[in-house]
Amino acid sequence: MASRIWVIPLVGLLFLSVTIHTIDAKRTKGYAIYLDPKQPVEDRVQDLLKRMTLEEKFGQMTQLERVNLTANIMKKYSIGSLLSGGGSVPRTNGTAEDWVKMVNKFQKWALSNRLGIPMIYGVDAVHGHNNVYKATIFPHNVGLGATRRVSKFYFDLILRDPELVKRIGAATALEVRATGVPYAFAPCIAVCRDPRWGRCYESYSEDHKIVQQMTSIIDGLQGEIPENSPKGVPYVGGKEKVLGCAKHYVGDGGTVKGINENNTVISWDGLLEIHMPAYLDSIQKGISTIMASYSSWNGVKMHANYNLLTKYLKDTLKFKGFIISDYQGIDKITSPVHANYTYSVQASILAGMDMVMVPYNYTEFIGDLALLVKKNVIPVSRIDDAVSRILRVKFTMGLFENPMADLSLAKHLGSQAHRDLAREAVRKSMVLLKNGKKPNTPLLPLPKKTSKILVVGSHANNLGYQCGGWTISWQGQGGNNITVGTTILDAIKSTIDPSTEVVFKENVTSEVVKSKKDFSYAIVVVGEPPYAETHGDNLNLTIPKPGPSTIEKVCKHIKCVVVLVSGRPLVIEPYLSITDAFVAAWLPGTEGQGVADVLFGDYGFTGKLSRTWFKNVDQLPMNFGDPHYDPLFPLGFGLTTNPNVKS
C-alpha cells in the first residue's frame with residue numbers, strides 16, 4: 001500500500017510537468033500547427049518535420065533498449081522510441097505501478113527535447129503481456145489457430161474462431177496499456193511451412209487462409225478501423241488500444257528446413273500466394289507498423305530488400321505506417337554479423353527501413369546515418385519519408401495530447417475476466433487426436449468420481465513449461481514461480497470429485513508400475529521445454545526425454561490419456577498404439593484449468609489441427625495440398641466429444 005500511495009502522486013506530477021511543458025512550448029514558439037490536435041494529421045506531420053534538424057530526425061528513427069538509458073541520451077539525441085526486450089523489466093516481479101512509473105520517467109526525458117516530441121515504448125506482447133509478472137498468458141498462436149467456431153459446414157478445414165482471437169487482442173491491449181506501454185510487437189502472421197522452425201508456435205497455421213482469419217487480433221489490439229477510412233493509414237482507437245506490429249515481413253515461415261533467419265526459396269507468385277495475403281489483410285485493418293524479417297527471400301536479406309519494403313509494401317500496397325527492423329536486424333545484413341555496419345545502415349535505410357531497433361549502439365548508428373546523409377549516399381528525402389511515417393503514427397495514436405500513462409487501467413492486469421477468456425481459449429484450442437483403443441470405447445471424457453488416479457510427467461506441474469518461450473524472459477523458463485497461474489495438475493485436483501485420490505509423480509518409479517491395479521486411469525503430461533527463435537530449431541522433433549519412457553512405462557500398464565504440451569507437432573506415431581487417448585495441448589499459458597475442462601467433460605473437444613501432423617521428419621516439409629501429402633493426421637483433423645451432464 002505504501003508504494004501505491006507514492007506512485008500515484010508521482011504519476012500526477014509527471015503529467016502536470018508534461019502539461020506545463022506543452023503549454024510552454026506553445027508560448028515560446030507561438031502557434032504551431034503540430035501542437036494543435038484540431039489540425040489534420042498530415043498538416044501536423046509536415047509542420048513538425050520542417051521544424052526539425054537532421055540530427056533530430058535521426059533520433060526519431062532510433063529505437064533503444066531501456067537498459068543503461070539516461071536523460072541526457074534521450075534529450076541530446078531526440079530518441080524516438082524505446083523497448084523492453086525479453087526479460088527487460090523495471091524490477092523483478094514488477095507491478096503495473098512499477099511499469100507506469102518507469103515508462104513515464106523515460107517519457108519525461110523524451111519530452112525535454114527541443115520540440116517536445118514524445119517517444120513510443122514497445123514490448124513483445126505476443127501471447128498476452130508476457131513480459132510482466134501476473135499478466136494473463138494466453139495460448140501461443142499455434143493453439144489459437146486450432147480454435148474453431150461452430151458451423152454447419154463440418155468439413156470446412158479452415159473455419160476458425162477469429163472473434164475469440166479479436167477478444168484476446170482487446171484483452172492484451174488493456175493489459176499492455178495498464179503498464180503504461182502503447183506499442184505491442186504483435187501479431188506474428190508468419191505462415192509456418194515447416195515445424196522444425198523454432199518459431200513455429202508463433203504462427204497460427206501452415207495455411208495462409210487460417211492466418212488471414214487470425215488478423216482479427218489487430219481489431220482487438222488497435223480497435224476496428226472506421227468504415228470508409230483510407231486503406232493503409234495507421235489506426236489506433238483510443239487510450240485502451242495499442243499500436244500493432246505485423247511481423248515478420250515476409251516469408252519468415254518458409255525458410256529451408258525451417259532454420260531460423262534462413263533463406264526462403266520460393267517464386268514471386270508463391271510468395272504472394274502463401275506468405276503475403278495476411279499482410280494485405282493487416283494493412284486493410286489499419287496496422288500501424290510492420291517489422292521486417294531476419295530471413296532472406298531467394299538470397300536477398302529482407303532488411304535490405306528495396307523491392308519488397310519500398311516498391312511493394314509502400315508503393316503498391318500503400319502502407320502509410322512505419323517499417324521497423326527486428327532486434328539488431330540491420331547488423332545481420334552482413335556475414336559475419338556487424339562486419340560492415342556502415343553498409344548495413346546504408347542498405348537498410350535505402351531499402352525502406354524507417355525505424356531501427358538498434359538497440360544499444362546508438363552513437364554508431366546515428367553517426368553512420370549522419371555520415372551517409374552528409375555524403376549524399378542516403379538522400380534527405382528518404383530520411384523525411386521515414387520520419388513522416390513515424391510522426392504520422394505518433395499523431396494518429398494521440399501521443400502528443402496524451403504522452404503520459406496513468407494507473408486508471410492497472411486493474412486490468414491479470415484480471416479474472418481475462419483469465420476466464422484465456423481459459424476459454426485453452427479449452428477451444430485442445431485437439432483430440434485419439435479417443436479409445438477400439439471403436440465405440442472412448443476414454444474421454446474422464447470420470448471425475450473414482451477411487452484413485454495417477455498424474456505423471458514433466459509438464460503436469462510446471463507453469464513455465466505450459467507457457468513456453470516469450471514468457472517473463474525471452475527463452476521462457478521452467479518452474480511454478482515465474483508468474484501467477486494454474487498448472488494442469490492443480491486444475492485436475494480442482495475438477496475431480498473430492499473423494500477421488502490423486503497421486504502425482506513427475507517421474508515414473510517401479511513402485512508406480514507395480515501398483516498399476518490401484519489406478520482407474522492415468523493422465524500423462526509430457527512435452528517440450530521452453531525455447532524461442534533459433535534455440536528452438538529442431539531437425540528431429542522427437543518428444544524430449546524422459547517423455548517417451550514415461551509414456552511407455554505408464555501406458556503399457558495403466559489405462560492412459562497423454563497430454564502433449566508442445567509448440568508444434570512432434571513424432572508420436574510410435575506411442576499412439578499403447579495409449580487410450582492422445583491430446584495436443586500446444587502451449588496453453590497460465591490457465592491450465594482449460595485443459596481439465598475438456599478432459600473431464602465440462603466442455604467438449606472442438607479444436608481442429610491448423611497444422612499437418614507428420615509421421616516422421618523425413619516427410620518434411622509437408623503441407624496440405626502437397627503432392628506427397630501422407631500425414632499421420634491431416635490439416636483440419638480433430639475428434640469431438642460432447643460435454644457431460646454428469647461426471
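Tutor: First, a term. A crossing is called right-handed if the near helix is turned clockwise from the far one by less than a right angle, and left-handed if anticlockwise. Keep in mind that this is a predicted model.

Now the pair itself. Helix α13 covers residues 341-351, and helix α14 covers residues 362-374. Their axes come within 9 Å. They cross at roughly 65°. Angles of 65 to 115 degrees count as roughly perpendicular, so α13 is roughly perpendicular to α14. The crossing of the two is right-handed.

Next, the side of each helix that takes part. From α13 come Tyr341, Thr342, Val345, Gln346 and Ile349. They meet Glu364, Phe365, Asp368, Leu369 and Leu372 of α14. By type, the contact holds 6 nonpolar, 2 polar and 2 charged residues.

For the setting, look at a sheet elsewhere in the chain. It is open, has 3 strands in the order β6-β8-β9, and its pairing is mixed. Strands β6 (263-264) and β9 (300-301) are the edges, each pairing on one side only. Strand β8 spans residues 296-297 and runs parallel to β6, with 2 bridges joining them. In one of these strands, β8, serine 296 is the bridge partner of asparagine 263.

Last, the annotation. An unreviewed UniProt entry places the feature "domain: Glycoside hydrolase family 3 C-terminal" at residues 430-640. In the model, that span is 18% helix and 16% strand. Its end C-alpha atoms lie 10 Å apart.

Technical notes
Residues numbered from 1 in each chain as written. Predicted model: local features only at pLDDT ≥ 70, side-chain atom pairs only at ≥ 80, totals over all residues. Heavy atoms only, no water. UniProt positions renumbered as here; feature names shortened; annotations may be inferred. Helix = DSSP H or I, 4+ residues; strand = E, 2+ residues; numbered from the N terminus. Pairing = 2+ DSSP bridges. Axes fitted to C-alpha atoms, helices over the stretch in contact; angles between N-to-C directions. Parallel < 35°, antiparallel > 145°, perpendicular 65-115°, else oblique. Contact = heavy atoms within 4.5 Å. Nonpolar A, V, L, I, M, F, W, Y, C, P; charged D, E, K, R; others polar.
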